[in-house]
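Below is a short briefing for a reader who is meeting this structure for the first time. Please look over the sequence and the model before turning to the points that follow.

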Amino acid sequence: MKNTAEAAETVQIESMAKAGNEEYQLAGDDDLELRDIDVSLDGSRLTRGHSSLIAATSVIQCVTGKLLDTCTHSKVCKSCDHWNTKD
C-alpha cells in the first residue's frame, strides 16, 4: 500500500505542476514578474463547526478548472502524542 500512496502522490505533484505551468502560460503577459493567475480556494472540515480536528484545502485554476495545490491540516500530531507519553 505504501508504494501505491507514494506513486499517487508523485503523479499528483507532477500533475499540479503541469497545470500551474499551463495556467502561467495562458496569463500571457510579457513581464514575468507581473503575471497574475486567477484561482479559487475551497476548504472543508471533517465535521461541521470549528471543533473539527481535520481540514482540507484546495486551489483550483479559474480558467482551466485544474487543481493547482492541496493541503491537509490536522490539530492532532501522532508524533507529539507519542513523545508526550514518554518520560
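Strands, labelled E, are DSSP runs of at least two residues, and they are numbered from the N terminus. In that scheme Ile54 belongs to strand E2. The model is a predicted one, and its protein chain contains two helices and three strands, which follow one another from the N terminus in the order α-β-β-β-α.

**Confidence**

- Over the protein chain the mean pLDDT is 80, with 83% of the residues at 70 or more.
- Among the elements of the chain, strand E2 has the highest mean pLDDT, at 87, whereas helix H2, which spans residues 78–84, has the lowest, at 81.

**Burial, surface and contacts of the chain**

- Of the 87 residues in the protein chain, 13% are buried.
- The chain exposes about 7,200 Å², and 54% of that area is supplied by carbon and sulfur atoms.
- When contacts between residues at least 6 apart in sequence are considered, 24% of them join residues at least 24 apart.

**Strand E2: Ser58 and Ile54**

- Ser58 lies in strand E2, which covers residues 54–61, and Ser58 counts as buried because its relative accessibility is 16%, under the 20% limit used for that class.
- Leaving aside residues up to four places away in sequence, Ser58 touches Ser40, Leu41, Asp42, Leu67, Asp69 and Thr70.
- Ile54, also placed in strand E2, has a relative accessible area of 40% and is therefore partly exposed, since that class lies between the 20% limit for buried residues and the 50% limit for exposed ones.
- Together with Leu46, Leu53 and Val76, Ile54 makes a nonpolar surface patch of about 360 Å².

**The salt bridge**

- Side chains of opposite charge can pair when their charged atoms come close.
- The structure holds one salt bridge, in which the side chains of Glu22 and Lys66 meet at 2.4 Å, taken from N to O.

Note on methods: Residues are numbered from 1 along each chain as its sequence is written. Side-chain values use heavy atoms; hydrogens and water are left out. Helices (H or I, at least four residues) and strands (E, at least two) are DSSP runs, numbered from the N terminus. Buried means under 20% relative accessible area, exposed over 50%, partly exposed in between (1.4 Å probe, protein chains only). Contact means heavy atoms within 4.5 Å. Accessible areas come from the Shrake-Rupley method with a 1.4 Å probe; for residues, only the protein chains shown count as cover. Patches are made of residues with over 30% relative accessible area and no salt bridge: like charges are joined within 9 Å, nonpolar side chains (Val, Leu, Ile, Met, Phe, Trp, Tyr) within 5 Å. A salt bridge is a side-chain nitrogen of Lys or Arg within 4 Å of a carboxyl oxygen of Asp or Glu. pLDDT is the predictor's confidence in each residue, from 0 to 100.
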